[in-house]
Amino acid sequence: MTFELSSNTQAILLLTAPLIAGRGKPSVKPLAAGEYRQLARRLRELQRQPADLLDPGAREIVSECRVELDSERLERLLGRGFLLAQAVERWRTRAIWVLSRADADYPRRLKQRLGEDAPPVLYGCGDAAILGTGGLAVVGSRNVHEALIQYTEDVGRLAASAGRCLVSGGARGVDRAAMRGALDAGGHVAGVLADGLEKAAMLREHREALMDGRLVLISPYDPAVRFQVGHAMQRNKLIYALSDAALVVNSDYGKGGTWTGAVEQLDKLKLVPVHVRANGEMGKGLEGLRERGARPWPEPGTPEDFEKILDAAAGEEYGASGQQALSTNVRDGPEAFEKAPDTASSEEYGAPAQRASSTDIREESAPSEDDRQAAPARPPEPCAAADSTPADELFAKVRELIERMDGPRPETDVAEDLQVSKQQAEIWLVRFAEGKIRELFKGADVCKTEAEITETLRLSGKQVRVCLKRLVEEGALAKLSRPVRYRSNDSIGPLFNQQDSPRKSPNWPSSARRR
Amino acid sequence: MRYDTRRALALLRAGTRQRDTGFREGQEEAIRHVVEARGRLLVVQKTGWGKSFVYFIATRLLREAGAGPALLISPLLSLMRNQIAAAERMGVRAIRITSDNREHWQDEEERLRRDEADILLISPERLGNEYFRTEVLAEIAERISLLVIDEAHCISDWGHDFRPHYRLIERIARTLPANLRLLATTATANDRVMDDLAAVLGPNLEVLRGGLDRPSLMLQTIRLPRQSQRLAWLAEQLPALSGHGIIYTLTVRDAVQVAEWLQSRGLPVESYTGQTGDGREALEQLLLDNRVKALVATTALGMGFDKPDLGFVIHYQTPGSVVAYYQQVGRAGRALDRAYGVLLSGEEETDITDYFIASAFPTRDEVRQVIEALEAAPDVGLSIPDLLGRVNLSSGRIKKTMALLSLESPAPIAKRGTKWQLIAADLSGGFWERAERLTALRHEEQRQMQEYARLESGHMEFLIRALDGDPETARPPNLPPLSTEVEPGLLQEAVTFLRRTSLPIEPRKQWPAGGLPQYDVRGSIPSEHRAETGKALCIWGDAGWGGLVRHGKYRDGRYRDGRFADDLVRACAALMAQWIPQPAPEWVTCIPSRRHPDLVPDFADRLATEMGLPFHRSLSKVEDRAEQKSMANSVQQARNVDGSLAVSLEPLPGGPVLLVDDMVDSRWTLTVAAWLLRSKGSGEVWPLALALAGHDR
């Protein structure tokens, strides 16, 4: 894999990427997807490419574009050249490459199927050629039973023995089980990550497969970026788009990333046939997906049967009617101008089938930016929990998100990730901390210092202190001195059985605010 | 951005403190080119032409127009001190972050964050430092408006002064988008270097190149094989030379020794090396103020040291390449009508240059050992101390291997915190091709310098031709050549000086990390079981006794068991007579060896006789171990000694003892021997060795 960047890729990175090279806080906000799309269209109309923005005459081009973007902001973004070099160097030392839509090696499937929604930039590690081989997408949730892990690993193994690629998301649970099954059996795997590419690329368990050319890890987000709510959803689209067919191993009903992603495929995008597991207990989630048109997975037992299913799916022109607009118009995504004449093969850009009228953009068939933002926050179905309030349900989701954050969880980061005020983040974090501490002191005779608790929970000392004080006041914990440590108070032990459902405590938020 | 001629000229005049001065040829063009962002520029001009005015004035103009700060990368920032003063006169706020001003880092970093710096000066190594990149540079990286690469010839494979971190600069230069201003400067670049730079910096690189001749220089070469001859020559010629200058040596040890010798002859000189530390600035000032006759320096006194009236540059040994030599000798006589550039050449220089060439890259075996250790290591990786326990390589070699591997692209290893980890990339075959190509080139450069050292005439023409300049431009000097003779009386004194050295052997006070399990010892060594501070006669292979020691151990030993010369016995006895350890040793013993059972005992016995003391063999080797010198670092050496020695004489004589060995390296053998002797009832143990060796030295 080459680490050299074309001028177009340089320009696209400067405009759209956060370029995380260290601790520095960016003083200028990179273009959001919608903003970049707008600029890209105007450039195309002017018969320009992004690389032209690196020329001495860039200023005139920008003013010619007449986009509703602050020209000083554009200038500052484009002036980040040294930072770009630093970021690229950081990626390179971790064997991470970067491809933009202007590069010939950018996966064609993504451009063809997602059009303008294909990420402008992909970061990756391993052999990018794997991304062109299709295969089976396997999705499911993080917390699953051992039996489902077994089942999923078997699916991965079968894909490997059929010589087909396995596409998945690299998250805990189903994703990793599928990838593990395929890799252990010598197969090929594409992992599409929502965050943490930098870490994943350096994991020892990935190293051999990456170096053997059997594993590719990609992400549309900066390799150093931390988990953010919208990312996982956007990532789901890529998993489907890279595959020939998809299998949902399990899903919550009416909520969660797996559900939302599958429903989006079934209702809107229709990129590939979506299957649901047919063996064992299906649960409400999979049944719900079946009702919306997902097919039962034929549960093939041999590599030959497996191949047949994928070949049929690949040849099916799945969703052709629903996708008609999409599959013609997509080709007018910004890449039409982004080709650098020296890098793009004529096959890639010049094939007649890929040229199409340039005018109408399929807002109605591709999900808008707003849909994407809204999707993960879609309110859960009312039947989810019998006696929980909407606030509890919201918090259940928040708790799940906080759990997924790497490293420490300062409230500023949580506030930023969840796009809520710092006060709200504080309230949630303290509530989160309370649940975790209750969990921690569940066993008999648990005795811990504040530092130990803080470290285990990866929360700030402040949050932990507030909770501990409260729990001591409440009588749930006993505070021992010399050294100061906390012990579960046996006399009110039953309290700790409730740790999974946060109590409705009217005075809780105010006590959090009291500090 | 518009270039303002009048403002630029005003800045030049403020910087030079000359009211009516004007730009040198090409200077203004260069500044305009940078300010107006007309593309990348390479300036090739002799030291003293005023390259620093180009980037300081450009920086100031850019800042006045609201642009972000400039970043300058230079391998030797000592050069910058007087230029920074000029910068400040032009209102350019410069910040240096280098290894010698660590105490200011926090303040300087704070100033950077507050945007109070116009130009940041750093070394290439700093740019490779993870902390610096992520915590300091990252904060301003998005605003940097101009990148200046000083001594840009180092980017090139062909550059004489190969610095691994220029690999990093090369990659950054290749990745920079075309709209970032980039200025590269160097004093010396032959055609091959220029081609390389064009490949890295882009086909549209604009080049501004000046001429090479130095008409004021009288160049001369003198062959004096032995160091004693060259010391004698220097002692005689130096007082007669007019003005003040630099004497260059190849190694730190030589710089110190030459300076000591000249000082002992009453000459005001000082040594200046990479190990001089904080005193470097003061020493440069001494020379600038003509308060020393000369600095005896390694290349640490390097590029850009700016003294226009330097009267002479003398080389004590032949440097490795023409480019290096031209840079160093070119410091003499820049603003004088006449100056001397004399190259002395001697017998040891080929070995030294060969050593530099051979150790520039890790060997395949070193790389294999490190990678295997990392493969067997836990997920979090290994620190350098971890590696010392796992591979038989010196810490210097380990660090060099890690540094070079991590600068590769793709790099097979990366550092997180203090730990090194493997990453998902193999070392490319290009690494070895490059190492082989550079090694061959170094040998070719060395050969070319050897040819120069033999020249009878036409020295300047030779240098200009080697640098792809026009040799016709060379004009003859008007100075008489210096004498090539050596005065016999001085020669004898120089021989005595070289043999006078005796070096302390400090006792170890701690057992190694993890202790010595077979002896069941760990932690600190009780003071009553430690060796005393001992002495060594010389350094292995040095110009005094070193040759004779090597001869005794190997030349003879190749055919029969060797014998150390009687001269060495007398020299050690003389050393003892001067040393007079108290309480005085009452008997003599030695370190045993299975490979050479009689070499050291024979020597120790003769020394004991010469000193009138009894000699006893008191220690024995319990089992064969690999030779200590095959153990590459202290941890490995300590383990290699563990359990290998025992006291074989019962009872031991009670008094203080002189413990003799031929070579001392890690001191673990001496430490264990002293501990054994003292625990079994001997008196104080005084170590005496013929030579100090050391892999890490």
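Me: Two residues are in contact if their C-beta atoms, placed from the backbone, lie within 7 Å. What does A:Val248 touch?

Reply: This is a predicted model, where local features need pLDDT of at least 70, side-chain atom pairs count only at pLDDT 80 or more, and totals for chains, interfaces and linings use all residues. Residues are numbered from 1 along each chain as its sequence is written, while chains are lettered from A and ligands numbered from 1 in the order in which they are written. A:Val248 touches A:Val139, A:Gly140, A:Thr258, A:Ala262, A:Val274, A:His275, A:Val276, A:Arg277, A:Leu286, A:Leu289 and A:Ala294, leaving aside residues up to four places away in sequence.

Me: Which residues of helix α9 of chain B are buried (20 or more other C-beta atoms within 10 Å of their own)?

Reply: An α-helix has 3.6 residues a turn, so residues three or four places apart point the same way. In α9(B) (residues 191-201; a DSSP run of H or I, at least four residues), B:Val193, B:Met194, B:Leu197 and B:Leu201 are buried. They share one side of α9(B) because their arc around the axis, taken from the directions to the C-beta atoms, is only 100°. On the other side, B:Asp191 and B:Asp195 are exposed (12 or fewer such atoms).

Terms used
Helices (H or I, at least four residues) and strands (E, at least two) are DSSP runs, numbered from the N terminus.
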